[in-house]
Amino acid sequence: MATSTIVIHRKKVEVISPTRQRATGIIEILLGVLIFLFFRRTEPGMVARFVMTPGGLDRGAAPDWLIPAYSTLLVLAILTVILGLVQVWRGFGRWMNLVLSVVVGLTVFSFLTWATAGKSLNLVGMLSAAILLGVPIILGAFSGVLSERAGVVNIAIEGMMLMAAMVGALVGSVTKNMWVGLLAAMLSSMLLALIHGVLSIHYKINQIISGTVINIFSAGLSSYLSAKFLQTYQQLNNPPIFPRIPIPLLADIPVIGPLFFNTNLFVYIMLISLIVIQVALFSTRWGLRLRAVGEHPKAADTLGINVFATRYMAVLLSGLMAGIGGAFFTLGSVGRFDEMMTAGKGFIGLAAMIFGNWTPLGAFGAGLLFGFADSVATKLTILGTGIPTQFMAMAPYIVTMIVLAGVVGRGQMPAADGTPYEKE
Amino acid sequence: MKKFSLVLALVLILSLVLSACTTPQATATQAPEKKLKICQVTDTGGIDDKSFNATAWKGALRAQDELGFEAKYLESKEVADYEKNLNAFIEEKCDLIVTVGFLLGDATKAAAEANPDFKFSIVDFAYDPPIPNVVGQVFATDEAAFLAGYLAAGMTKTGKVGTFGGLPIPPVTIFMDGFVRGVKYYNQVKGTSVEVLGYDLAAPDKGLFTNSFDDQTKGKEFGITLMDEGADIIMPVAGPVGLGTAAAVKERGNALIIGVDSDWFLTAEGYQDIILTSVLKNMDATTLEVAKQVKDGAFKGGTNVVGTLANNGVGIAPYHNLDSKVPAELKAEIEQIKKDIIDGKIKLADIK
């Protein structure tokens, strides 16, 4: 097998222009000034109390973290400005993005400290909510990565998740078994993926059109069945929910335990699929072939890779991931189905995939960021910072725009993404 | 390619048929004489939202059973559907078109002004100046929410209660407003300092809102967050999104929910043991009343039907399973406050 001849080159290190270097530095200094001028305006002596155990848990408890707001904010402001000055003066080279993320992180932390000064905030509870909010987005993004890496655009993720949510609730209620519900949810969304595959790979129709058709179809069918059966007969809409599964020993680690090792099955699935997909795509022959099909199908075909079979497989796996993501809504979170309950999470998942530059790890980070921004917004509203709710709702998307434009730069889309393959 | 076109055509037709299938639903049998038609345009959230669309629809069904109307509805999946659905009913020549929700205000106004011969009624909207062929259905929901707030303040163990809304619009914030005033009244009377998370009388726009009536995972997150910050009684004012909150509360097991619009004890399957009470907004009663006006030829366009504690247009639901947990004294106080509000002895606006 001459697989080594189709190595896909991606530019690893971009040369940082002086303008970009200085602009980044100035942004960092401005953030420092922001912390100094706005957030530091707390009364000296005020203490911010961060609760480090999510509510309702006794394993992995950690003592509350008390920090003096005024002095902490002063230190953070100075640190941020120094980092900014160094960036303007000589730059951090390839660590630039890392330093910028640290600075943004410090700013967010200052914001929280300012808002919490004199009050208390459940920090770990907030992070745990962020992870749960991120689950459907991240699973949706994985679904997108799998199919787009093989060159098939899948905008039907939203529809697949919606269908899977409905089927999961229905089958889970009828069989009174959440595992059967999950299985049925995955099968239903793989069936939709198969339709997407047949339409866009076999019949070579525009992949956006095919995806849209599936979205409309799912919205229609799930709403119809919901109105006809699930809402009318409540026993058909009452599936068991996957409980919290604590992992022995690991669940008792403070902070990390409650976040990652004493949580919902879907979080574990998400973490395992992150590792599996990342390794499979980038470190195995299977993954290389899949990516080759998405980058240059003709070359892959010449080398004896079955382009159609590979694409079908990728789309079906994509459906599988979307199915798990959909099942999360009904079997992992709420325990009932209601019309249109996926509320656009599939589309946000696609955004997370692009944001994460078509890699599982990037998509995971992006999904967490969306979830985090969402849960910070909720917390800050409860703390009463006086920021209008509409602005809070915008926050995740503003963060996305800034990060997309400023940090990630131009994404590297698979070259043959969205193009049906014509065998000559 | 022929085969492919066939497949595509089938999928398209199927999806269109299915998305249209839920609507309109005519339940009447073939009647010999022409029946009056009551036609309801829902807001997003669906006819089965266990909340306001469902309650108003119950009114239409009662008009069908009790007054011999023929009831139909069209669901609005998104804002763009309002006008489309209204026009469909105008073509149907409905005798009374009921639009459910504040967000349909503009669409209903446009339709009513363009079709002065049709009779309209809108839930949660009072036009100023009035439109001669529209009857508004408005509710003094804050009166009922006030009772719920007083109850919550009396029942909380942590000294914190929480609330959140779907959107910062008057028919939503009026619940939260009354709830907060109820808690504050309790604090005044008892000298306690029960806190409300999620809404501030001075800054209604800066409260906690999901900005969605569909996203139940968000409702769950809000529930978890409010509980994490110490709230042990939560009133979600966001239609089905509140069911996500109920799921969070059930999972945690040491908090209670106050339902809104309809009695959640009866409508939210599986959550009976955590529903303390519900703030009822009896849209079915007001819808039925407007239908009666139409039937008797006494349709008073340009006026409003107002639901209050006094006429049972609003109220709070029985405590059901939690009845034994509510102290008799607190129950008696709430009955007394209800009387005082009806008699005008307690003025909500005075409690700050």
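Reader: What makes domain 1 and domain 2 of chain A count as being in contact?
Author: Two residues are in contact if their C-beta atoms, placed from the backbone, lie within 7 Å. In this predicted model, 14 residues of domain 1 of chain A are in contact with 15 residues of domain 2 of chain A. Helix H3 (residues 96-116) of chain A gives the largest share of the domain 1 side, four residues. That side divides into eight nonpolar, five polar and one charged residues, where Ala, Val, Leu, Ile, Met, Phe, Trp, Tyr, Cys and Pro count as nonpolar, Asp, Glu, Lys and Arg as charged, and the others, Gly among them, as polar.

Reader: Where do the bounds of the two domains lie?
Author: Domain 1 of chain A covers 18-118 and domain 2 of chain A covers 125-408; such bounds come from an automatic or database domain assignment. The C-alpha centres of these two domains of chain A are 32 Å apart.

Reader: How is this model numbered, and which cut-offs apply to it?
Author: Residues are numbered from 1 along each chain as its sequence is written, chains are lettered from A and ligands numbered from 1 in the order in which they are written. Because the model is predicted, local features need pLDDT of at least 70 and side-chain atom pairs count only at pLDDT 80 or more, while totals for chains, interfaces and linings use all residues.

Reader: Why are H4(A) and H12(A) called roughly antiparallel?
Author: Their axes come within 7 Å and cross at roughly 175 degrees. Axes are lines fitted to C-alpha atoms, for helices over the stretch in contact, and angles run from 0 to 180 degrees between N-to-C directions. Angles under 35 degrees count as roughly parallel, over 145 as roughly antiparallel, 65 to 115 as roughly perpendicular and the rest as oblique. H4(A) and H12(A) are therefore roughly antiparallel to each other. Among the residues that meet are A:Leu139, A:Phe142 and A:Leu146 in H4(A) and A:Leu317, A:Met321 and A:Phe328 in H12(A). The contact of H4(A) with H12(A) has 13 nonpolar, five polar and one charged residues.

Reader: Which helix gives the most to the side of chain A that touches chain B?
Author: Between the chains, 43 residues of chain A are in contact with 44 residues of chain B. Two or more residues of the chain A side come from each of H4 (123-149), H7 (207-230), H12 (307-334), H14 (360-383) and H15 (389-408) of chain A. H7(A) gives the most, nine residues.

Reader: What makes S2 and S11 of chain B edge strands?
Author: The open sheet of six strands in chain B runs S2-S1-S3-S4-S5-S11, with parallel pairing. S2 (70-74) and S11 (304-307) of chain B each pair on one side only. Strands are DSSP runs (E, at least two residues), as helices are (H or I, at least four), numbered from the N terminus.

Reader: How do you know that S5(B) and S11(B) pair?
Author: Two strands pair if DSSP finds at least two bridges between them. In S11(B), B:Val305 is the bridge partner of B:Gln137.

Reader: Which part of chain B has pLDDT below 50?
Author: pLDDT is the predictor's confidence in each residue, from 0 to 100. Chain B has a mean of 86, with 91% of its residues at 70 or more. The pLDDT is below 50 over residues 21-31 of chain B. Where pLDDT is low, the predicted coordinates should not be read in detail.
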